[in-house]
Amino acid sequence: MSAITTSLVGTPAPWKLPYRGRVGMACLIIAESAIFTIFVVAYLFYIGKSLTGPTPREVLETPIFYTICLLSSSLTIHFAGKFLERGKRGPFLSLWLLTIVLGGLFMYGTGREWHRLIYEHGLTISTNLFGTTYYSLVGLHAFHVTAGLVMLSIVLFFGLAGRVGPEQSARVDVLSLYWHFVDAVWVVVFTVVYIVGR
Amino acid sequence: MTKKDKTEWRTVAARVTGILVILTGVLLAARMCVASPLGDHPIPNIFDPRSTPADALNQHSHFVLAITGLIFVVVFTLLAYAILKFRQTTANADREPAQVYGSTQIELAWTIIPILIVVVLFLAVARVIHAVQDAPKPATAVEVTAIGHQFWWEFRYPGLGLVTANELHVPVSDPAHPTPTFLKLLSADTDHSFWIPQLAGKTDLIPNRVNETWIDPHETGLFLGQCAQYCGTQHAKMLLRVYVDNPEEFAAWVSAQRQPANQNEKEAVGRHVFETTACLNCHAVGGTNGTGRFGPDLTHLMSRHTLASGAAENTPENLRLWIENPDAIKPGSLMPAMKLSDADLDALVRYLETLR
Amino acid sequence: MSSDVMAIQSADAAGRSWTEVLHEWVTTVDHKRLGILYILYALIFLVIGGVEAIVIRIQLMHPHNDFVSPQVFNRMFTMHGTTMIFFVAMPIMFGFANYLVPLMIGARDMAFPRLNAFSFWLTALGGCLLYFSFVGGSGLYGAGNAPDVGWWAYAPLASRAFSPGHSSDYWTIALLVSGFGSIGTAINIIATILCMRCPGMQLSRMPLLAWLNLVMSGMVLIVITPLSAAQIMLLVDRYLGGHFFDTQAGGSASLWMHFFWIFGHPEVYVLIIPCFAFMSEIIPVFSRKPIFGYPVMVGATVCIGFVSMSVWAHHMFTIGMNSYANSFFAITTMAVGVPTGIKIFNWLGTMWGGRIQFKTPMLFCVGFLFQFLIAGLTGIMLSSAPFDWQLSGSYFVVAHFHYVIVGGILFALFAAFYYWYPKMTGRMLNEGLGKLHFWLFLIGFHLTFDLMHIPGLLGMPRRIYTYEPGRGWETLNLLVTIGAFVQGIATLVFVANLVISYFKGAKAGNDPWDAWTLEWSTSSPPPAYNFASTPTVASRRPLWDLKHPEDPDSRYE
């Protein structure tokens with residue numbers, strides 16, 4: 001799926017343009033970054049402005065383990081892609097599965113945290129400004145992780161059916177670009193919510 | 001003249017006609033400025049200021065208009081000239097003109113000159129912004145808290161201990177001993193905007209936010225304005241009347257407003273109706289159980305010239321209609337139709353008519 | 001590069017049932033067909049939005065008029081604004097971009113044809129959803145119906161407390177859905193331009209229309225998304241009990257304003273930049289000269305794209321920001337006028353020394369130039385915060401932005417229609433009807449929007465369903481309404497021209513205007529595959545090089 005390469009008479013350099021899948025995904029990432037920026041701005045703006053209810057300091061526990069899970073899934077997906085490029089389908093599939101597991105662990109951790117916040121501390125999206133901004137920002141991110149997991153699972157499914165090979169590595173690369181973006185957003189969200197916001 | 005020549009002359013003619021239309025309108029408006037007599041200001045014209053901040057904005061606007069007018073004349077002339085001079089004629093129809101791709105010097109010129117204009121404009125703008133927004137409040141200022149509601153204005157004078165609605169009274173300000181009025185702007189519900197063009201630029205009333213503005217009128221009379229930020233169904237009839245009084249008038253008004261409600265025993269029936277129906281949930285009348293703040297304070301209802309924030313003249317007929325069927329005067333306002341019997345309604349109106 | 005493309009005869013359409021044709025159009029992924037679908041969709045909503053405007057103007061003809069109730073009036077101006085921005089202007093720009101960009105860069109289609117179709121249908125769904133609110137909006141106590149919160153839906157007016165029922169939800173969800181469609185198309189345009197240009201077409205040789213659509217699409221990515229974010233927040237408030245804009249819980253009404261205008265101001269540049277593109281393609285052809293200062297035009301547009309992201313709070317000069325904030329936004333707003341002015345001067349420079357032909361497209365271009373100049377200058381007036389403290393929220397602002405949108409954007413669109421209709425349909429639009437359309441519309445436009453500035457100067461706020469007599473507003477409003485009717489008639493003339501010329505117009509041939517960009521090298525309408533063989537270019541005006549082999553542009557660039 002490489003760019004059109006045409007040799008022109010009298011022109012030494014071949015005509016090479018970027019791969020459109022990558023450009024498309026880069027554009028999507030830019031757009032999504034803008035959405036997340038607005039939610040982050042709202043979160044930052046409303047720090048300390050809640051009129052009632054639990055404060056971040058009272059109820060938040062820093063999710064170190066689950067963050068490590070998610071961030072290492074960026075590593076695993078990176079190496080999975082490298083293996084696929086070299087045609088090593090076995091290692092590709094194992095690392096791909098590991099990525100999904102790590103992402104799933106992160107989602108599990110988020111679920112556990114939310115359960116604790118709701119049932120032990122009574123913090124819901126309608127409790128106060130902190131609740132509204134917290135669940136919206138973390139929820140938006142979790143939604144993007146979920147969408148990513150769905151797509152990763154589809155690729156896993158096709159991979160297990162033997163249909164994913166080095167010819168698809170550019171496409172797989174585009175998907176892992178999305179996954180890296182999701183992880184990068186988590187770095188920002190984590191900093192804003194668990195470090196700055198407390 | 002060829003057909004093409006005719007088209008271009010028509011283009012220019014259209015331009016000129018357009019400008020004449022604008023000029024006519026401007027002259028129409030100007031005629032109205034000249035025509036309005038002193039003491040009565042029916043036309044809220046931003047170019048006819050009668051208060052210090054509005055003066056500052058007016059002068060500044062002349063400066064801006066001069067600059068933009070100059071730019072317009074220059075560019076318009078160049079465009080019109082180009083269209084006429086370089087049009088296709090039978091003489092030049094057969095060959096392509098010189099294919100010029102650009103010119104660095106010209107690009108620099110028409111980049112640098114606009115930047116200079118922007119710098120000059122900005123300096124003027126920043127100066128006026130600071131002068132108006134950061135004006136210090138003198139000790140002699142009258143303080144008013146304006147609270148915007150859907151669809152009426154609440155005015156409280158904390159220093160003078162009085163509350164009124166919809167019609168603001170302020171003292172005229174003598175430049176030698178200024179007595180401006182400084183307003184705190186709050187909102188009880190949605191966004192509103194306080195705009196009396198001849199007295200000041202507009203400032204919004206935003207819930208959960210305290211804004212400030214000031215007026216410094218140097219002429220007495222009635223000045224008109226209205227809410228300038230869409231606030232719901234009856235945004236259009238959230239009108240403003242500002243009475244700039246001379247010092248004696250203002251003092252008289254203040255002392256009248258501070259009196260408790262008129263306790264005329266002849267209208268005890270009406271007062272009873274007011275106190276035992278839902279009226280007092282929303283409306284306050286000094287000296288009764290009515291302490292509601294959702295609707296305007298009615299203690300001195302008859303001191304106002306209009307009802308429903310300017311929607312109707314304050315006459316007994318309109319007052320009766322307003323209580324019986326508010327939608328006839330201001331459909332969508334939050335005043336409910338009170339569903340009183342005719343007897344009760346008449347008594348109530350007679351009672352309210354005593355609240356001077 | 002050859003011009004021996006064989007057009008697939010549309011005669012093969014004869015003998016196919018209408019259901020087959022409909023199915024083809026509904027399932028198409030061809031950029032040309034999707035472009036036409038976008039444009040037709042926008043034209044339908046243009047008429048609907050125009051009817052809403054006429055209703056508004058009839059109500060305002062006299063003080064204390066009762067043509068419509070205040071509730072209906074408030075729905076009319078909300079729907080008029082929302083429709084015109086999101087379901088007329090955006091789709092029509094995407095329609096032209098869709099049609100022209102691949103042709104102009106020598107490509108066979110857009111980068112993602114199926115995404116293209118998906119984006120169009122998302123936008124179409126959004127429009128239908130918005131208008132379904134008229135019938136489906138009944139909620140609590142029958143409240144609901146079309147949205148009536150203004151096209152900015154300021155908080156807390158749009159919150160549950162002040163907007164019961166579902167009318168605001170229709171506004172929110174319709175725009176959210178069509179917003180995603182817009183993002184999809186923007187991604188497509190960028191990927192197409194960056195990845196699918198024909199050999200030899202370096203970025204510095206791309207037609208300005210491609211460049212400007214590239215900038216526009218980049219802006220769409222980071223400009224529509226803040227609105228989507230704010231709308232998600234509004235839905236959280238309305239449905240999940242959130243407090244983003246709940247002032248009773250400590251929320252901020254001005255936060256909505258910031259988020260909305262961070263979208264709203266660059267959005268109007270998103271709308272005008274494709275119009276600059278039309279001007280930059282049409283004016284050179286009818287002046288018989290290349291565009292003056294191509295690199296500066298690109299640079300100025302990129303500059304506008306960036307600076308326009310920093311001006312948004314000039315819509316909020318009256319909300320009580322401190323004097324430093326007001327000064328900042330005043331200067332950035334004035335600053336964005338510099339590159340914009342440069343573009344006007346470059347178009348002037350293009351015409352200067354040329355041989356101007358006043359065919360209908362050029363008439364609309366001339367109208368654009370004068371009117372955009374005036375609109376820009378009233379914009380400078382509004383950029384001065386103290387002046388704006390009087391002008392904001394009044395009919396002066398309404399006149400200003402209609403001057404840009406109708407006098408600028410719509411005139412440029414009319415020019416684009418007359419210029420590219422032959423390419424899209426193979427037939428010329430009738431010149432006589434075109435000139436009638438131009439003059440009628442010009443008269444109506446100036447009658448309405450020149451005079452509309454004045455009630456604003458005399459204190460008439462906007463979004464009011466009626467007004468008091470004796471303030472000097474009556475005669476002016478009456479004349480403004482008459483001008484609206486004249487524009488309506490002119491638009492009908494235009495629609496008639498579109499329809500009649502489709503069947504009876506003169507055959508256009510490949511290149512009726514003797515133009516220089518790649519779309520004129522193929523047949524009218526182009527075949528499904530655009531070009532028989534992918535062209536190769538050596539300059540910005542490949543057809544000029546072909547027609548003037550003794551003096552090609554490639555020698556000078």
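I start at Phe151(B), which sits in the loop between strand S2 (142-149) and strand S3 (152-157) of chain B. Helices here are DSSP runs of H or I with at least four residues, strands are runs of E with at least two, and both are numbered from the N terminus. Before going on, the conventions: residues are numbered from 1 along each chain as its sequence is written, and chains are lettered from A and ligands numbered from 1 in the order in which they are written. This is a predicted model, in which local features need pLDDT of at least 70, side-chain atom pairs count only at pLDDT 80 or more, and totals for chains, interfaces and linings use all residues.

Back to that loop. The peptide bond between Gln150(B) and Phe151(B) is cis, with omega about 5°. Chain C has a cis bond as well, between Ser524(C) and Pro525(C), where omega is about -5°. Pro525(C) belongs to the loop between helix H15 (474-504) and helix H16 (542-547) of chain C. As background, most peptide bonds are trans, and most residues other than glycine have a negative phi.

Asn530(C) is placed in that loop between H15 and H16 of chain C too, and its phi is positive, about 70°, although it is not a glycine. Is Asn530(C) buried or exposed? It is buried, because 23 other C-beta atoms lie within 10 Å. The cut-offs are 20 or more other C-beta atoms within 10 Å of a residue's own for buried, 12 or fewer for exposed, and partly exposed in between, with C-beta atoms placed from the backbone.

In chain B, Ala308(B) has a positive phi near 50° and is likewise not a glycine. Ala308(B) is in the loop between strand S12 (306-307) and strand S13 (312-313) of chain B. With 23 C-beta neighbours inside 10 Å, Ala308(B) counts as buried.

Which residues of H7 of chain B are buried? They are Leu319(B), Trp322(B) and Ile323(B). These cover an arc of only 95° around the axis, so they are on the same side of H7(B); the arc is taken over the directions from the helix axis to the C-beta atoms. Contact means that the C-beta atoms of two residues, placed from the backbone, lie within 7 Å.

Now the sheets of chain B. Strands count as paired if DSSP finds at least two bridges between them. One open sheet has five strands in the order S4-S3-S2-S6-S9, with mixed pairing. Strand S4 (162-165) and S9 are at its edges with a single partner strand each, so one side of each has no neighbour in the sheet. On average, neighbouring strands of this sheet are turned by 25° against each other, direction ignored.

Inside this sheet, S2(B) and S6(B) run parallel and are joined by seven bridges. Val144(B) has Leu183(B) in S6(B) as its bridge partner. Strand S6 (residues 181-187) and S9(B) run antiparallel, with five bridges, and Phe182(B) is partnered by Trp214(B) in S9(B). Why is S9 of chain B described as largely enclosed by the rest of the structure? Because four of the five residues of S9 (residues 211-215) are buried.

The other open sheet to mention has four strands, S1-S10-S11-S5 of chain B, again with mixed pairing. S10(B) pairs antiparallel with strand S11 (residues 239-245) over six bridges, and Phe223(B) stands opposite Val242(B) in S11(B).

Last, the contact between chains. 89 residues of chain B touch 83 residues of chain C. On the chain B side, H3(B) gives the most, with 16 residues. That side divides into 48 nonpolar, 29 polar and twelve charged residues. Nonpolar here means Ala, Val, Leu, Ile, Met, Phe, Trp, Tyr, Cys and Pro; charged means Asp, Glu, Lys and Arg; the others, Gly among them, are polar.

Terms used:
Axes fitted to C-alpha atoms, helices over the stretch in contact; angles between N-to-C directions.
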